[in-house]
Amino acid sequence: MIKAILIFNNHGKPRLSKFYEHYTEDTEQQIIRETFHLVSKRDENICNFLEGGLLIGGSDNKLIYRHYATLYFVFCVDSSESELGILDLIQVFVETLDKCFENVCELDLIFHVDKVHNILAEMVMGGMVLETNMSEIITQVEAQGKMEKSEVRAAPFGLV
Amino acid sequence: MALKIVKGSIDRMFDKNLQDLVRGIRNHKEDEAKYISTCIDEIKQELKQDNIAVKANAVCKLTYLQMLGYDVSWAAFNIVEVMSSSKFTYKRIGYLAASQCFHEGTDVIMLTTNQIRKDLSSPHQYDTGVALTGLSCFVTPDLARDLANDIMTLMSHTKPYIRKKAVLIMYKVFLKYPESLRPAFPRLKEKLEDPDPGVQSAAVNVICELARRNPKNYLSLAPLFFKLMTSSTNNWVLIKIIKLFGALTPLEPRLGKKLIEPLTNLIHSTSAMSLLYECVNTVIAVLISLSSGMPNHSASIQLCVQKLRILIEDSDQNLKYLGLLAMSKILKTHPKSVQSHKDLILQCLDDKDESIRLRALDLLYGMVSKKNLMEIVKKLMLHVDKAEGTTYRDELLTKIIDICSQSNYQYITNFEWYISILVELTRLEGTRHGHLIASQMLDVAIRVKAIRGFAVAQMATLLDNAHLLTGNTQRNGICEVLYAAAWICGEFSEHLEDPMQTLEAMLRPKVATLPGHIQAVYVQNAAKLFATVLRKHEGETDSHAAQETSQLLIDRLPLFVQSANLEVQERASCILQLVKYIQKLQQKKVEVAEEVTALFAGELNPVAPKAQKKVPVPEGLDLDAWINKPPSESESEDEKPKAVFAKEEPKHSRSRHTEVDEKELARRREARKREQANNPFYIKASPSSQKVYDAPGVEHIPVVQIDLSVPLKVPGMPMSDQYLKLEEERRQKEKAERKKEKKKKREKRGKERKADSGPESEEDIAPAHQVDIVTEEMPENALPSDDDDKDPNDPHKALDIDLDKPLADSEKLPVRTHRPEVLKSPAEDRVNESIPQETKKRSGKEKKEKKKGKEKDRKRSKEEKKKKKHKEVEEELLESHPEEAVQSEETKEAATPPTSTSAEASELDFWLCSAPVPPAAQEETAPSSAAAVDTSSAAAPESEPDEPKDAEPEDTKSSKHKKKKQKKEKEEKEKKKKKRHHHHHHHSNAGGEDSVQNGTVEEEEPLPPMSNYFLLAENSYIKMMKEDADQVYDIQGNHQDESKVVVSVIFENKSDSFLKSMEFNVLDSLNSKLQRPEGAGAHDSLTVPFQLPPGISNEAHFVFSVQSIVMPQKLKGTLTFIVKSDESSTHEKLDFKLHFTCTSYLITTPCYLYDAYAKLLESGDLKGSSLRLEGINMPFHHLLARICFHHHFSVVERIDSCASMYSRSIQGHHVCLLVKTSDQTVSIDAKCDEPSLLGNVLDEIKQTFSKC
């Protein structure tokens, strides 16, 4: 199971947070801070696994992260997930973002967090990996995007 | 009005959208909070508007603010509003917001049930998808219960996109509503073989999650997963399956044996590191589970270790990390293989990466030996000094303690050294683990009696230098060691050189700044010291010293009497009064030492931390029952003993152990050892190599004479190193000595060795002290259970459900009944039930087919041995597979209790017990199954799917015949095993697995509970119930060939007499024939393979071969039997008529692809027919349910009041229905490539509906 997916930048500003277990807003912020603290002090060329933070459940959990330019992508997972598999999944996620946003950068994530959520929803559902095939993910995301556009075109002023 | 709306929407154009909000926040860096609060006010205004677009925009912004940590739960109702928008765009915004901030406590969630249900059944797949995604995040037990049924239906949706989401979300549903697991499981299992890889992967995912928590319930799926593993090329799926096998192997070592080969192959062949790593992991799990079973697994270990070494040496830190992680698993069972890589692991300790260092530390734990312990710990101590961050340092500290204390201090040869290490560790500032060090000190001092003198001296020094430990900060965790120090000095004060000085140190004013519980110990132990001092000075002519001590206490104790801490205050005031009284006595020259000492007398026994829990509850004692009336308010029941100082408890139980006689003690000790051997959480009594002296008293312990001068004079300075040197010297000396001993020249030993009375030859390295490590006490009759390690609050506990047990009626998923929009009726229940049953049946059939495959293989190998009699063949089979024979006999026995899942178990056993696969055979068999002659059963599972086609052309008609016969035998054998099982369910009328499995045609009562058995014939002696014939065998998919139908008949003895020699006979028609054993005549009857005592019933199965299935058939039959009572026995007979309907030749075949279905209809091969039913007064889905259930159809697509349905006959005829309804009139347009079959099926459908 994936317990949480966090994206934050080099300063710890959250760009996306998805928790698959319920926490209060305060705890969520604490977890983000703690995770940032743990991850950010690590050098570039050391391993991408971290024994879990204190806040987000127990010894069974691991933080698996990747650092891309200004962003950290952190997955908190338990022992049923394959570590290397999750690393690949992060890669798929980022590549998908790259395709959907055309050269994704932090700004895209800042202004379109809802879109990022929608993409993520096609990959991970309720903490379980739903789809790992990038083209399938993109197909579904684009189909939904089209649907959204057609709805907006049909009622540009929201009258319907 | 219109103007207002237009105005509203124009306003909206000037509203902030999400991008504006984000931009705004970025532009207000200084007063972000203020800016956001104005935004929230705006949002509140927007939410008040009627326009859904405005609301959606507001909710979208709220979702963003939620991420920033703002509580937006106040808008929950608005979120629900947006969720229920008919537009996908808004709906998605709503669901996203809900998934981010709804949880079980959100009260508006209960308003969403109907909306979600509506979305789930939406014709637009993305509406459904969005609802499923959202629901997966906020599903509550109520939602799970109400929607389980809807989601289960979606698992068979035509679109794989929906199917995979529905499959995944089922896991969440199971967690919240465990009752849904069993009804939904068959369908979930079916999804493992879904044509869509995404759906398949989702199903694997869910089952892996389930199985991880309760592996034993999923063992029966092992063959299926094995098949997937050997056939799948999707690494994601493979990884999951391999991980799952890792969880299953500990439960079934035979499975491990089967796995080794394919896993090793994968390890060799795969290029994906992730897969390689998981394979290695699972091989390790297998090896652990096999640890003794397989002689030649050393090659596998070598392979694993070798691959792991490659990972560890890789420049990629991730691989290094994982390599170490996996290595630590091998370590547990095969330490030798890992120890040879010690160099590599020590190297990793210097890695710049903390995670890697931690992993290397874990490995060190298992690599220590008596020889290298000191050396390794020394290295670790160096790291402690170097360590920057406290986390890593703390980790090092715990590791050092773990390493030293493991297996009951097995590797420690010199406890002085260990105490010194502990004392050195107290110099760590800011560590959280003061209590750990403290408990180690206590443990060693209590259990290693010989070390007490040394320990006390060290502790006295610690107390003297307490100011070094406490520092400034009160919260400094290290001061916990003072707790231990004070207690040890007090308890073993007889070893103190200068108790007066220690007493003085314990009563310094600074002590009052320590935490309360430590002060309390100080006060109490000051009293103990006082007693020691008194005794020391008693008898001296000059009582000055003793009186001085009393005065000291009287002076200092008032400080503690004023303490805010209750315990300190209480103890201090008590002891103060006592001392005052003693002082009075002293002044009167009364000798009091004896009495004062008696206050603290008594020997200590260490008690296992869980001893209390392990006391078995005496019979007849209900601990939960109230003794008196329950008070209005319950008190907090949670009184967990403070783990850290659990060792303190012995104090209270001192007297308890005094009256126990020696015999009793020995007995308890035995029980305890047994218990501890099974429980990994106990410090084990030293294993074989080291003798433990359960010394009954202190006298027997060799007293160590220690040169205290060195350690005592350098308090707080590193000193453990010198032990290392000493130890080396000692070993050197020992070696030399041993040589000398050989020459029979005894020399005087080193000072340190004086105490060492242990036999020399015991081990290479003799301990410096012969230590008496006292094992922990456990209560009499302690229960050897490990249950207490499970968390009672674990949600997965509820999912520990036996999945092989047939479903009971009560287990149906709840279906809403009183809701207006889409009404469902009990009949739909049956659909829902019947579909999973159907799937179960299918998989069951597959398994049987597997068996057939195996049989076939075997058959081919015995081509030459023709025409043998039934029994002989069977015997032969058993002979050639003795293992299997034993197995099946076992399962027959196991099948006796009616609830046992014998059938499943035997399948699994059969699969597992097949001989280990010869190398390489695994890979060969799949592509060229026909060639696989001798690899027989082991190879069968993989080769099964495409075998029939491959094999068919070569086989002659006669061999086909023979095969069939054997198959039948096999079936019958199986049936025998199942018999009692079946029977049981029939009686409970449970509509269980096997009964529902075969839908009834002649079903009278529309409401459950129902039985699929109906009366065949009855007389005063016996009642025959027939189950509908549906277990059809479409054997080679050969249309011209005859097909088989199995009829289950229950025989119930109604009389008081014994019924025996039952013979079943049917008058064959041209078309349908009862299958009789080879050699039997066409009119011979079949012997029913059991006898019936009075009141007992049992079930038998009869196989019929059917040539044409286009017409219903009726067969006349007779049952003859002998009624045997005490006096007489008579021959009786009962006639019956077997009715085969056309429906019974149809197999429910789900049709996933509407396109394929449409093509089939358009192809023009099918001939049409139609049917009109008037006055049908039931809801449409109710009607569909009936058709599905009674006539074995499945719904392909349903739009409003129109549905397409599909079924297939056992001979491959396609039957398609288009069912439409309007106003009590139902029209059914049907198409089939066999018009007469269609006509008969329609007639039967008509009949079904005319009945109600």
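Q: How many salt bridges does the rule find across the interface of chain A and chain B?
A: The rule finds 8 across that interface, a salt bridge being a side-chain nitrogen of Lys or Arg within 4 Å of a carboxyl oxygen of Asp or Glu. Keep in mind that this is a predicted model, where local features need pLDDT of at least 70, side-chain atom pairs count only at pLDDT 80 or more, and totals for chains, interfaces and linings use all residues. Residues are numbered from 1 along each chain as its sequence is written, chains are lettered from A and ligands numbered from 1 in the order in which they are written, and side-chain values use heavy atoms, with hydrogens and water left out.

Q: Which residue forms a salt bridge with A:Asp78?
A: That's B:Arg212, with the closest N and O atoms 3.0 Å apart.

Q: And how many salt bridges over all chains?
A: The count comes to 40 by this rule. One of them links B:Asp119 and B:Lys91 through their side chains, at 2.8 Å from N to O. B:Asp119 sits in helix H7 (109-120) of chain B and B:Lys91 in helix H6 of chain B, so this pair ties together parts 28 residues apart in sequence. Helices here are DSSP runs (H or I, at least four residues), as are strands (E, at least two), numbered from the N terminus.

Q: Back to the interface: how many residues are in contact?
A: 63 residues of chain A touch 70 residues of chain B, with contact meaning heavy atoms within 4.5 Å.

Q: What area is buried there?
A: About 6000 Å², and carbon and sulfur atoms give 56% of that. Buried area is the accessible area (1.4 Å probe) that two parts lose on being put together, summed over both. On the chain A side, A:Phe111, A:Met125 and A:Met128 supply 12% of what chain A buries against chain B, more than any other three residues.

Q: Switching to holes: how many cavities of 30 Å³ or more?
A: There are 16. A cavity is a set of points, on a 1 Å grid over the protein atoms alone, where a 1.4 Å probe fits but cannot get out; lining residues have an atom within 4 Å of a point. Volume is the space filled by probe spheres set on the points, which are joined across faces, edges and corners.

Q: What lines the second largest cavity?
A: 23 residues, with A:His117, A:Asn118, A:Ala121, B:Leu96 and B:Thr133 nearest its centre. The space inside is about 210 Å³. H8(B) gives the most to this lining, with 6 residues.

Q: OK, sheets. What order do the strands take in the 4-stranded open sheet of chain B?
A: The order is S7-S5-S9-S10, with antiparallel pairing; two strands pair if DSSP finds at least two bridges between them. S7 (1086-1087) and S10 (1129-1140) are the edge strands, each pairing on one side only.

Q: How many bridges join S9 to S10?
A: 12 bridges join these antiparallel strands of chain B. B:Thr1118 is opposite B:Asp1135, and B:Lys1124 is opposite B:Ser1129. A hairpin of 4 residues connects S9(B) to S10(B).

Q: Which residue takes a positive phi in the hairpin of S14(B) and S15(B)?
A: B:Gly1212 does, near 90°, in a hairpin with 4 residues between the strands.

How values were computed
1 Å grid on protein atoms, 1.4 Å probe; cavity = no way out; pocket = protein on both sides within 12 Å on 5 of 7 lines; lining within 4 Å.
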